[in-house]
Amino acid sequence: MQKIYYAAHTYMIVGVISGLVYREITKWQDFTGDTQLAVVHTHLLALGMLFHLIVLALEKAFGPSDGKLFDWFFRIYNAGLVLTVTMMTVHGIQTVFGAKTSAAISGLAGLGHITLTIGLILFFINLGKQVSGATARPDNASQLHDQPA
């Protein structure tokens, strides 16, 4: 459970910093157009922090990390997210500074999205097996039955 928490916390920190970087770089360059930098912090906060917090809650209820696919999901999903936001950042900085972007940046960003999708598929397969295998984790069973209706 701690690695899920640390992932959420890390994405929160990087997401907030990326928003600051976007604001400062565009202000420094007097840039007012559209850039990928504008949505990097949103991707980090939503797909990084919020998603991992949801996984953390699901971990408490169903224990998806007990499943065989969890480590694969965790590595692949995070690699895809890091690749995606890295390419968005590179493309956004190139846009702000007026540099021409190569097709390789778009290709790598697409590969990051594909990797994210594979990670999500693994997550849902794994979660489905854990949910169908038990109604609640044993350590939560007493809490679920003791609560008033």
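Student: Which residues does Val 55 touch, not counting residues up to four places away in sequence?

Tutor: Val 55 touches Ile 4, Phe 70, Phe 73 and Phe 123, once residues up to four places away in sequence are left out. Contact here means heavy atoms within 4.5 Å. Keep in mind that this is a predicted model, where local features need pLDDT of at least 70, side-chain atom pairs count only at pLDDT 80 or more, and totals for chains, interfaces and linings use all residues. Residues are numbered from 1 along each chain as its sequence is written, and side-chain values use heavy atoms, with hydrogens and water left out.

Student: What makes a set of residues a nonpolar core? And which members of the largest one touch the most others?

Tutor: The members have to be buried Ala, Val, Leu, Ile, Met, Phe, Trp, Tyr or Cys residues, joined through side-chain atoms within 4.5 Å. Buried means under 20% relative accessible area, exposed means over 50%, and partly exposed is in between (1.4 Å probe, protein chains only). The largest core has 20 residues, and Val 55 and Phe 73 touch the most other members. H1, H2, H3 and H4 each supply at least two residues of this core, with the largest share, seven residues, coming from H3.

Student: How many helices and strands does the chain have, and what counts as one?

Tutor: Five helices and zero strands, which reads α-α-α-α-α along the sequence. Both are DSSP runs numbered from the N terminus: helices are H or I with at least four residues, strands are E with at least two.

Student: How do you know that the length of H1 agrees with what a helix should span?

Tutor: The expected span is 1.5 Å times one less than the number of residues. H1 has 27 residues, so it should span 39 Å, and its end C-alpha atoms are 38 Å apart, which agrees. Just after H1, Asp 30 takes a positive phi of about 50°.

Student: What polar atoms lie around the side chain of Ser 18?

Tutor: A polar atom of that side chain lies 2.8 Å from the backbone oxygen of Gly 15, and one lies 3.5 Å from the backbone nitrogen of His 41. A polar contact is a pair of N or O atoms within 3.5 Å; within protein, one must be able to donate a hydrogen and the other to accept it, and residues adjacent in sequence count only if both atoms are side-chain atoms.

Student: And how do you class Thr 26, buried or exposed?

Tutor: At 10% relative accessibility, Thr 26 is buried. Thr 26 is also in helix H1, and the backbone oxygen of Arg 23 lies 3.2 Å from a polar atom of its side chain. Leaving aside neighbours within four places in sequence, Thr 26 is in contact with Phe 31, Thr 35 and Val 96.

Student: What makes the pair of Trp 28 and Phe 97 stacked or edge-to-face?

Tutor: Rings of Phe, Tyr and Trp (its six-membered ring) pair if their centres lie within 6.5 Å; planes under 30 degrees apart are stacked, over 60 edge-to-face, and the rest tilted. The structure holds eleven aromatic pairs. In this one the ring centres are 5.9 Å apart and the planes stand at 75°, so the pair is edge-to-face. Trp 28 lies in helix H1 (residues 2-28) and Phe 97 in the loop between helix H3 (70-96) and helix H4 (103-133), so the pair ties together parts 69 residues apart in sequence.

Student: How are Trp 28 and Phe 97 classed by accessibility?

Tutor: Trp 28 is at 62%, so that one is exposed. Phe 97 has 38%, so that one is partly exposed.
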